[in-house]
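The points follow the model as displayed.

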Amino acid sequence: MILDSKEEVITYLNQEGLINGDDDARVEHLSGGVSCRVWKISVNNDRWVIKQALEKLDVKADWFSDVERIHREHEVMKQLELVIPDSNIPKILHVDYVNHIYMMTCAEEGVQTWKECLMDGVFNADTAKSAADILSLIHSQSHKIDEQVKAGFSDQKYFIQLRIDPFHRFLINKYPELSAEINALIEELTEQKTCLVHGDFSPKNMLVEKSGRIVLIDYEVAHWGNPVFDLAYCLGHLMLKAWHLKKPAQILELINVFITNYKGQVSNLLPHLGLMLLARMDGKSPVNYIQDETLKQIIRTTAIDWIRGADSGFNVFDAIKKQF
C-alpha cells in the first residue's frame with residue numbers, strides 16, 4: 001500500500017487499528033526530502049509522524065534505493081536510546097515491515113529545522129554546539145550497541161545506494177580526472193569502520209525546539225562506518241549556506257563552534273568536505289537554492305582543489321575561512 005494521499009493515510013491508520021471511525025484525524029503532508037513520503041497525523045491530543053520509503057527517489061536523475069532501508073532507520077533509532085538522551089530522538093510507535101512504514105512521535109508545534117533557522121537569518125551558536133554534542137555522543141558512545149546489531153549495521157548497502165553511488169561514483173563519471181582521488185575517499189568510507197555514522201547529518205534533519213533542544217531525525221542512511229562522513233556532510237551544508245546567504249562571518253562562527261565542540265578525531269576531512277561540496281553542485285541531488293553559475297564555479301573550484309589535496313597544510317577551519 002502506497003500512502004500517496006491523505007485519504008490513503010486515513011484508510012491505513014484505520015486498517016492498522018491506530019485510529020477508529022470516531023476519531024477526528026487530521027493529516028498533513030510534510031516535506032520528507034527526496035526519499036520518503038512523510039505525513040503528520042493529529043488525533044485528539046496526540047500528534048504522530050508516519051514515514052514510508054520510496055523506491056525511486058524524487059529527483060530528476062534515475063536514483064533507486066531498497067525500501068528495506070526504512071527498517072534500518074527505526075532499528076538505529078531504537079539503538080540510539082543507549083547512546084544519546086532520549087529527548088533528542090523521536091519514539092517509535094508502530095512498525096510495518098510489509099508496507100515499509102513506521103510511525104513515530106512528532107516534535108512540538110511550530111518547530112523549525114536548523115536549515116529553516118539559517119535561511120531566516122537566525123545564527124545561534126548554541127544550536128551549532130548542540131549539533132556537535134549530539135554527533136560526538138553518537139560517534140563516541142556507539143560502542144555500547146549490541147555486537148550482533150552492530151554487525152547488521154556494518155552492511156553499508158543503503159549508504160552506498162544513497163551516498164556513494166549518487167555522490168562519489170556519479171561524480172567520477174562527470175570528472176574522470178578525479179577518479180583516483182575519489183576512489184581513495186570511497187575506500188576510506190567503506191573500509192575504515194569505527195563507529196555508528198548518521199549519514200544524513202544535515203541542518204534540515206535537526207529540529208530546533210523552543211527550548212533550544214535539537215531533535216535529530218532521518219536515520220535511513222545510518223551505518224557502521226567512518227565518522228569523517230558526518231563531519232564533511234554537515235560542514236558542507238553550512239558552507240553552502242554561507243555562500244548563498246552572503247553571511248560568511250555569521251556562519252563561520254557557527255562552523256568554528258561546531259568544529260571546536262566536536263569531541264571525536266577524524267582524518268583527511270578536507271578532501272571529504274570537497275567531495276560533499278562538489279556532489280551538491282553536480283551529483284544526483286544538487287542543492288536547489290544555489291542557481292548563480294558564477295558562484296557554482298567558485299564552489300566547484302574549491303571542491304576540486306580540496307579533493308586533490310590543496311590546503312592540506314591548514315587546519316580545517318582555517319582552510320574553510322580562506323574561502324570567504
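1. In this predicted model, the axes of H8 and helix H9 (residues 248–261) approach within 8 Å and cross at roughly 165 degrees. Since angles over 145 degrees count as roughly antiparallel, H8 and H9 are therefore roughly antiparallel to each other. The crossing in which H8 passes H9 is right-handed.

2. The contact between these two helices involves Leu231, Cys234, Leu235, Leu238, Met239, Lys241, Ala242 and Leu245 on the H8 side. Their partners in H9 are Pro248, Ile251, Ile255, Phe258 and Ile259.

3. Helix H11 covers residues 293–307, 15 residues in total. From its first C-alpha to its last, H11 reaches 21 Å, close to the 21 Å expected at 1.5 Å a residue.

4. As to the ends of H11, a side-chain oxygen of Asp292 lies within 3.2 Å of the backbone nitrogen of Thr294 at the start of the helix. After H11 comes Gly309, which has a positive phi, near 100 degrees.

5. The buried residues of H11 are Leu295, Lys296, Ile299, Arg300, Thr302, Ala303, Ile304, Trp306 and Ile307. They pack against four helices: H7 (179–191), H8 (228–245), H10 (269–282) and H12 (316–322).

6. Leaving aside residues up to four places away in sequence, Arg300 touches Tyr175, Leu278, Met281, Asp282 and Glu293.

Terms used:
Residues numbered from 1 in each chain as written. Predicted model: local features only at pLDDT ≥ 70, side-chain atom pairs only at ≥ 80, totals over all residues. Heavy atoms only, no water. Expected span 1.5 Å × (residues − 1). Buried < 20%, exposed > 50% of the residue type's maximum accessible area, 1.4 Å probe, protein only. Contact = heavy atoms within 4.5 Å. Polar contact = N/O pair within 3.5 Å; in protein donor to acceptor, adjacent residues only side chain to side chain. Axes fitted to C-alpha atoms, helices over the stretch in contact; angles between N-to-C directions. Parallel < 35°, antiparallel > 145°, perpendicular 65-115°, else oblique. Left-handed = near helix turned anticlockwise from the far one by under 90°.
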